[in-house]
Amino acid sequence: KQDHEGAFKSPLFYRRMIGLDEKIKAYLEEIITEPQYFIVDIVISGNDKLKIVVLLDGDEGVSIDYCASVSRQLAHRMEEDEVLEKAYVLEVSSPGLDHPLTNLRQYLKNVGRKVKVDTKAIRGELLEAKEDFILVNQEIKEKGKKKIKLEETKVSFENIDKTKVLVSFK
């Protein structure tokens with residue numbers, strides 16, 4: 001197999017890369033023992049130098065110190081087991097406001113905050129999060145009027161493209 005630069009990669013290289021996110025997730029599940037913390041996403045990118053980004057969150061947020069501790073433990077485990085043959089960059093952080101909500105626990109911790117739900121451009125306060133839907137107090141601008149009407153809108157998770165928490169400076 002050839003990469004985009006025409007260099008040949010061994011089949012072992014591809015087998016190791018395909019299971020890398022599962023291996024990292026397994027390590028993280030052993031490292032993160034406190035029930036208030038959870039994995040949001042694992043993003044692996046790059047060809048010549050891999051970049052591994054682990055996004056963690058907590059029911060009450062996640063500290064920089066906790067992320068640093070998880071990063072050290074994860075790097076140690078990966079090096080100990082010789083998971084990768086080449087150099088890589090490892091980042092462990094919280095998702096930040098620009099990262100969409102991806103799981104129920106994130107929705108639950110943001111109940112009461114304004115969100116933008118990309119499906120039908122729904123914007124409003126997240127009132128509730130259940131196993132298969134969210135309830136949003138949707139802001140609806142009436143035609144020809146400046147006044148905004150609020151309407152409770154139930155949105156099934158299968159109809160959501162992404163949801164972002166909106167920053168309020170009030």
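Leu97 counts as partly exposed, because its relative accessibility is 40%, where partly exposed lies between buried (under 20% relative accessible area) and exposed (over 50%), with a 1.4 Å probe and protein chains only. The structure is a predicted model, in which local features need pLDDT of at least 70 and side-chain atom pairs count only at pLDDT 80 or more, while totals for chains, interfaces and linings use all residues. Residues are numbered from 1 along each chain as its sequence is written, and side-chain values use heavy atoms, with hydrogens and water left out.

The protein chain contains four helices and eight strands, taken as DSSP runs (helices H or I, at least four residues; strands E, at least two) numbered from the N terminus. From that terminus, the order of elements is α-α-β-β-α-β-α-β-β-β-β-β. Of the 170 residues in the chain, 32% are buried.

Leu97 belongs to the loop between strand S3 (88-93) and helix H4 (104-109), and is one of the residues that line the largest pocket, among them also Asp57, His99, Arg113 and Val165. A pocket here is an open set of points on a 1 Å grid where a 1.4 Å probe fits, with protein on both sides within 12 Å along at least five of seven lines, and lining residues have an atom within 4 Å of a point. The volume of the largest pocket is about 190 Å³, the space filled by probe spheres set on the points.

Glu158, in the loop between strand S7 (148-156) and strand S8 (162-165), is exposed, with a relative accessible area of 70%. Its C-alpha atom is separated by 9.7 Å from that of Thr119, 39 residues apart along the chain.
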